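Trainee: I would like to go through the terms used for this structure and see what stands behind each of them. Please set each value against its cut-off.

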Amino acid sequence: SSVTKLLGNRRLLLVLIFAAGFSGAQSTVLTFLPIYLDEDKGFQSVAIGLYLSLAQVGGILSQPIMGYVSDRLGRKVVLVPSMIILGLSFLGIPIASNGILFGSVIFVMGAFSFPLMALFLASAMDLVETGTQATTVSLVFGAAIVVSAFAPALAGILADNVNTESAFLLASALALSTALLTFATKWQSH
């Protein structure tokens, strides 16, 4: 009955859609970034590992800051620009040349990619009653898993038929459309 009640919450359903769009974009990039670094950039395994670590470092540094700002100023104030920057960083991956510029794009991507699921979870928690938090978390992750299970496969079809860069375009489109939907809808509790 609590699941039925939660699924009747229109604002929560919107947050589930946002989390799903974000997760589809993120899983696409995390699937194709190592492939792109290997096959298109020609990097060795050590360089690939360093770039992936650089993304993680960006997320480690930004997560507490984004959480704090989100708690103080509101979820939407952080989520919308973060999703826009994330979408633009996905576009930057195939455009940026090697070296500092490419490393900066990967760092920014990580800084805005890894903290966002926590903010979507916090957004969902803002909309539910006490006693339904664990069910809400499972719904958020469930929605995210559904889209993240299919988005990389679709990106794989694009990569096979067009090029690997098209996977990043798909991820960017998912992130930017999620940002637009997050901005354009009324979903916050206050």
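This is a predicted model: local features need pLDDT of at least 70, side-chain atom pairs count only at pLDDT 80 or more; totals for chains, interfaces and linings use all residues.

Trainee: How many aromatic pairs does the structure hold, and what makes two rings a pair?

Mentor: There are six aromatic pairs. Rings of Phe, Tyr and Trp (its six-membered ring) pair if their centres lie within 6.5 Å; planes under 30 degrees apart count as stacked, over 60 as edge-to-face and the rest as tilted.

Trainee: Why is the pair of F18 and W187 called edge-to-face?

Mentor: The ring centres of F18 and W187 are 5.5 Å apart and the planes stand at 75 degrees, so the pair is edge-to-face. F18 belongs to helix α2 (residues 10-40) and W187 to the segment after α8 (165-184), so the pair ties together parts that are 169 residues apart in sequence. Helices here are DSSP runs (H or I, at least four residues), numbered from the N terminus.

Trainee: Are F18 and W187 buried or exposed?

Mentor: Buried means under 20% relative accessible area, exposed over 50% and partly exposed in between (1.4 Å probe, protein chains only). F18 has a relative accessibility of 0%, so F18 counts as buried. W187 has 2%, so W187 is buried too.

Trainee: What makes the pair of F43 and Y51 stacked?

Mentor: The planes of F43 and Y51 are at 15 degrees and the ring centres 5.2 Å apart, so this pair is stacked. F43 is buried at 14% relative accessible area, and Y51 is buried at 15%. Together with F102, F43 and Y51 form one aromatic cluster.

Trainee: Which charged residue sits over the ring of F102?

Mentor: The charged end of K41 does, 4.4 Å from the ring centre. For that description, NZ of Lys or CZ of Arg must be within 6 Å of the ring centre and within 35 degrees of the ring normal.

Trainee: Now the helices. Why are α2 and α7 called oblique?

Mentor: The axes of α2 and helix α7 (residues 133-161) come within 6 Å and cross at roughly 40 degrees. Axes are lines fitted to C-alpha atoms, for helices over the stretch in contact, and angles run from 0 to 180 degrees between N-to-C directions. Angles under 35 degrees count as roughly parallel, over 145 as roughly antiparallel, 65 to 115 as roughly perpendicular and the rest as oblique. α2 and α7 are therefore oblique to each other.

Trainee: Which residues of α2 and α7 meet?

Mentor: Among them are L12, L16 and S27 in α2, and T136, L139 and S148 in α7. Contact means heavy atoms within 4.5 Å. S27 is in contact with S148 and P152, leaving aside neighbours within four places in sequence. At 15% relative accessibility, S27 is also buried.

Trainee: What makes α2 and α4 roughly parallel?

Mentor: α2 and α4 pack at an angle of about 25 degrees, with their axes 12 Å apart. That makes α2 roughly parallel to α4. The contact involves F22, A25, V29, L33 and Y36 of α2 and M83, L86, F90, I93 and P94 of α4.

Trainee: How do you know that α6 is largely enclosed by the rest of the structure?

Mentor: Eight of the 11 residues of α6 are buried, so the helix is described that way. The buried residues of α6 pack against α2, α3 (45-73), α4 (75-95), α5 (100-113) and α7. One of the buried residues is A122, with a relative accessible area of 18%.

Trainee: How do you know that S70 and L6 are buried?

Mentor: S70, which lies in helix α3, has 3% relative accessibility and so counts as buried. Not counting residues up to four places away in sequence, S70 touches R75, V78 and L119. L6, in helix α1 (residues 2-7), has 6% and so counts as buried. With the same exclusion, L6 touches L12, V128, T132, T135, T136 and L139.

Conventions:
Residues are numbered from 1 along each chain as its sequence is written. Side-chain values use heavy atoms; hydrogens and water are left out. Helices (H or I, at least four residues) and strands (E, at least two) are DSSP runs, numbered from the N terminus.
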